[in-house]
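Colleague: I am new to this structure and would like to go through it with you, one question at a time. Could you show it first?

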Amino acid sequence: EKNMFIFGAKADQVEDLRKQMRERTLNLDSRWNELLKLIEQGVFGNFPDLSTLLSSIKDGNDHYLLSADFPSYLDAQEKIDAAYKNKKLWNTMSILSTAGMGKFSSDRSIRDYAINIWDLKPFKRPGPIPLSTDKLAETGLVPNIGSVNSPIGSPFSGLS
């Protein structure tokens with residue numbers, strides 16, 4: 001959380017907030033109500049086009065808790081604005097945040113799902129295999145570079 005800005009309800013608060021939303025006992029921030037009025041007045045676009053969207057978040061229907069999260073979103077945005085004004089701080093936070101995202105790579109995520117959820121075993125593809133672009137080059141789709149060794153198995157292996 002050091003190099004990012006987190007806002008909104010915590011997971012353990014969601015059900016209680018949804019209940020308050022349905023029962024209309026949740027005290028909404030006045031800035032949220034002002035925003036809804038601006039939307040209804042057409043400030044951000046044609047209101048009839050947005051009426052379905054608005055009805056999905058008004059009158060106790062706000063399943064995703066936009067109204068409940070709005071104050072903390074605005075607070076986080078103020079912190080973002082302040083950090084951005086300090087270029088050295090912003091650059092440091094950006095670099096450290098990017099560097100810390102390695103754990104969230106798609107390759108790692110897919111591997112974790114495959115092993116821990118789908119119970120799949122790793123499969124080593126054959127390779128390198130000879131690959132010729134002659135047939136594809138005849139279509140004009142790719143340049144003819146002759147034969148090469150593909151580092152991985154290829155769907156084009158039967159074309160040579």
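Colleague: Which residues of H2 meet H3, and which residues of H3 do they meet?

Modeller: This is a predicted model, and in it the contact joins helix H2, residues 30-40, to helix H3, residues 47-57. By class, the contact has seven nonpolar residues, no polar residues and one charged residue. On the side of H2 the residues are Trp32, Leu36, Ile39 and Glu40, and those they meet in H3 are Phe47, Leu50, Leu54 and Ile57.

Colleague: Are H2 and H3 roughly parallel or roughly antiparallel?

Modeller: Two packed helices are described by the angle between their axes and the distance between the axes. For H2 and H3 the axes are 9 Å apart and the angle is about 150°. Because angles over 145 degrees count as roughly antiparallel, the relation of H2 to H3 is roughly antiparallel.

Colleague: Where do the buried residues of H2 lie around the helix, and against which helices do they pack?

Modeller: The buried residues of H2 are Trp32, Leu36 and Ile39. Seen down the axis of H2, these residues fall within an arc of 60°, so they line one face of the helix. In general, an α-helix has 3.6 residues a turn, so residues three or four places apart point the same way. The helices against which the buried residues of H2 pack are H3 and H4.

Colleague: Is Phe47 buried, partly exposed or exposed?

Modeller: Phe47 is placed in helix H3, and, leaving aside residues up to four places away in sequence, it touches Ile39, Glu40 and Leu54. Its relative accessibility is 27%. Since buried means under 20% and exposed means over 50%, Phe47 counts as partly exposed.

Colleague: Which residues of helix H1 are buried, and on which side or sides of H1 do they lie?

Modeller: Helix H1 covers residues 14-23, and its buried residues are Val14, Leu17, Arg18 and Met21. They cover an arc of only 100° around the axis, which puts them on the same side of H1.

Colleague: What covers the buried residues of H1, and which residue follows this helix?

Modeller: Helix H4, residues 66-85, is included in what covers the buried residues of H1. As for the residue that follows H1, its phi is positive, near 60°, and the residue is Arg24.

Colleague: How is H4 placed relative to helix H5?

Modeller: H4 and helix H5, residues 87-99, have axes 5 Å apart. Their contact is made by Ile80, Ala83, Tyr84 and Lys85 of H4 together with Lys87, Leu89, Trp90 and Met93 of H5, and by class it has six nonpolar, no polar and two charged residues. The angle between the two helices is about 110°. Because angles of 65 to 115 degrees count as roughly perpendicular, H4 is roughly perpendicular to H5.

Colleague: Is Leu65 buried or exposed, and what is its phi?

Modeller: Leu65 lies in the loop between H3 and H4, and with a relative accessible area of 3% it is buried. Most residues other than glycine have a negative phi. Leu65 is not a glycine, yet its phi is positive, at about 60°.

Colleague: Is Asp119 buried or exposed?

Modeller: The place of Asp119 is in the loop between helix H6, residues 106-117, and strand S1, residues 129-132. Its phi is near 55°, a positive value in a residue other than glycine. At 54% relative accessibility, Asp119 counts as exposed.

Definitions and conventions. Residues numbered from 1 in each chain as written. Predicted model: local features only at pLDDT ≥ 70, side-chain atom pairs only at ≥ 80, totals over all residues. Heavy atoms only, no water. Buried < 20%, exposed > 50% of the residue type's maximum accessible area, 1.4 Å probe, protein only. Helix = DSSP H or I, 4+ residues; strand = E, 2+ residues; numbered from the N terminus. Arc of directions from axis to C-beta. Contact = heavy atoms within 4.5 Å. Axes fitted to C-alpha atoms, helices over the stretch in contact; angles between N-to-C directions. Parallel < 35°, antiparallel > 145°, perpendicular 65-115°, else oblique. Nonpolar A, V, L, I, M, F, W, Y, C, P; charged D, E, K, R; others polar.
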